[in-house]
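Colleague: I have a model open on my screen and would like to learn how to read it. Could you take me through it, one feature at a time?

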Amino acid sequence: MTMVMDVSERRVCRVAGKHRSTQRRTAPPNPYRDKLVARLRELAVVNPRRGRRYIMDLLRKERWSVGARLMKRLWRQEGLLVPGKRVKRRRIAAGENSIVRRRATRKNEVWAWTSCRTRRPTAAPSACWWCWTS
């Protein structure tokens, strides 16, 4: 409407009863930004366990002009995420300090460590951690 009537954006929005931020033009295409996003995606695929800071350092080493705010905005717009860490399972071993995991022998059997308090007639109370309960 500003182009047709040669009136300022402020006046047109006041007459129409709309906020000025809803009437902004879209940004013109930026070939540099498009190439940067393409390279960003390539590096994210090659380095799946790395985040935006690491990728930003790689881009800077390749002489791309990218700041922290721009990188954060592009990372969010592209929907890139770092997958979560996998949980390590404890190994079942028979070493000196190992804990041998016992397998369930029936359905819904739960094993847990418990504290057994014992009192010997001649000594103070002691705790032993070797008792199994199910």
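Colleague: Which residues are exposed on the other side of α5?

Modeller: Exposed means over 50% relative accessible area, buried under 20%, and partly exposed in between, with a 1.4 Å probe and protein chains only. Here Arg69, Arg76 and Gln77 are the exposed ones on that side of α5. The helix's buried residues are Leu70, Met71, Leu74 and Trp75. These four lie on the same side of α5 because they cover an arc of only 130° around the axis, taken from the directions from the helix axis to the C-beta atoms.

Colleague: Before we go on, what kind of model is this?

Modeller: It is a predicted model, where local features need pLDDT of at least 70 and side-chain atom pairs count only at pLDDT 80 or more, while totals for chains, interfaces and linings use all residues. Residues are numbered from 1 along each chain as its sequence is written, and side-chain values use heavy atoms, with hydrogens and water left out.

Colleague: How many helices and strands does the protein chain have?

Modeller: Both are DSSP runs numbered from the N terminus: helices are H or I with at least four residues, strands are E with at least two. This chain has five helices and four strands, in the order α-α-α-α-α-β-β-β-β.

Colleague: What do the buried residues of α5 pack against?

Modeller: They pack against α3 and α4. Contact here means heavy atoms within 4.5 Å.

Colleague: Which residues touch the most other members of the largest nonpolar core?

Modeller: In soluble globular proteins, nonpolar side chains tend to be buried together. A nonpolar core is a set of buried Ala, Val, Leu, Ile, Met, Phe, Trp, Tyr and Cys residues joined through side-chain atoms within 4.5 Å. In this one, of 16 residues, the answer is Leu36, Leu40, Ile55, Leu59, Val66 and Met71. Helices α3, α4 and α5 each supply at least two core residues, and α3 gives the most, with five. Beyond its neighbours within four places in sequence, Leu59 has contacts that include Leu36, Leu40, Val66 and Met71.

Colleague: And what about aromatic rings: how many pairs are there?

Modeller: Rings of Phe, Tyr and Trp (its six-membered ring) pair if their centres lie within 6.5 Å; planes under 30 degrees apart are stacked, over 60 edge-to-face, the rest tilted. The count is one: Tyr32 and Trp64 are tilted, 5.4 Å centre to centre with 45° between the planes. Tyr32 is partly exposed at 38% relative accessible area, whereas Trp64 is buried at 19%.
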